[in-house]
Amino acid sequence: MRDLKNLIYFESLLDNPDNELVKKASEDGRKALGYTCFYIPEVLLNLDNCFSVRLRAPNVGSIDIATYYMSNYTCEFCRTILEDAIEGGFQFLDAL
């Protein structure tokens with residue numbers, strides 16, 4: 001049962017990219033670097049006082065604004081990330 005409690009905690013961290021671990025690291029003076037592509041070596045993003053945050057947009061409902069700026073033929077993931085960025089979902093990042 002204790003493992004289930006830990007699993008629920010870690011799943012709750014995935015609900016929002018700006019979760020409590022990111023906030024605590026930012027309060028400690030570390031820089032949040034957002035990235036989308038898994039081909040980027042995370043080791044390079046986590047040097048010195050920086051830490052990487054994999055961008056995702058779990059609570060975006062409509063992607064109408066992003067579809068206006070991007071083609072319908074582009075990946076829906078990319079349009080969802082753009083939609084969340086336009087709506088101000090990544091204001092916690094120090095760099096992208």
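**Close-up views of a predicted model**

**View 1. Ile65, Tyr68, Tyr69 and Ile86 make a nonpolar surface patch of about 490 Å².** Patch members have over 30% relative accessible area and no salt bridge, with nonpolar side chains joined within 5 Å; a salt bridge is a side-chain nitrogen of Lys or Arg within 4 Å of a carboxyl oxygen of Asp or Glu. Helix α4 (residues 64–69) gives the most to the patch, three residues. Ile86 lies in helix α5 (residues 76–86) and is partly exposed at a relative accessible area of 41%. Helices are DSSP runs (H or I) of at least four residues, strands (E) of at least two. The model is predicted: local features need pLDDT of at least 70 and side-chain atom pairs 80 or more, while totals for chains, interfaces and linings use all residues. Residues are numbered from 1 along each chain, and side-chain values use heavy atoms, without hydrogens and water.

**View 2. Asn19 lies in the loop between α1 (2–13) and α2 (20–27).** Asn19 counts as buried because its relative accessibility is 14%, buried being under 20%, exposed over 50% and partly exposed in between (1.4 Å probe, protein chains only). The Asn19 side chain reaches the backbone oxygen of Leu13 at 3.0 Å. At the start of α2, a side-chain oxygen of Asn19 comes to within 3.0 Å of the backbone nitrogen of Leu21.

**View 3. Phe51, Val53, Phe90, Phe92 and Leu93 touch the most other members of the largest nonpolar core, which has 13 residues.** At least two residues of this core come from each of α2 and β2 (50–54). Core residues are buried and joined through side-chain atoms within 4.5 Å.

Technical notes:
A polar contact is a pair of N or O atoms within 3.5 Å; within protein, one must be able to donate a hydrogen and the other to accept it, and residues adjacent in sequence count only if both atoms are side-chain atoms. Patches are made of residues with over 30% relative accessible area and no salt bridge: like charges are joined within 9 Å, nonpolar side chains (Val, Leu, Ile, Met, Phe, Trp, Tyr) within 5 Å. Accessible areas come from the Shrake-Rupley method with a 1.4 Å probe; for residues, only the protein chains shown count as cover.
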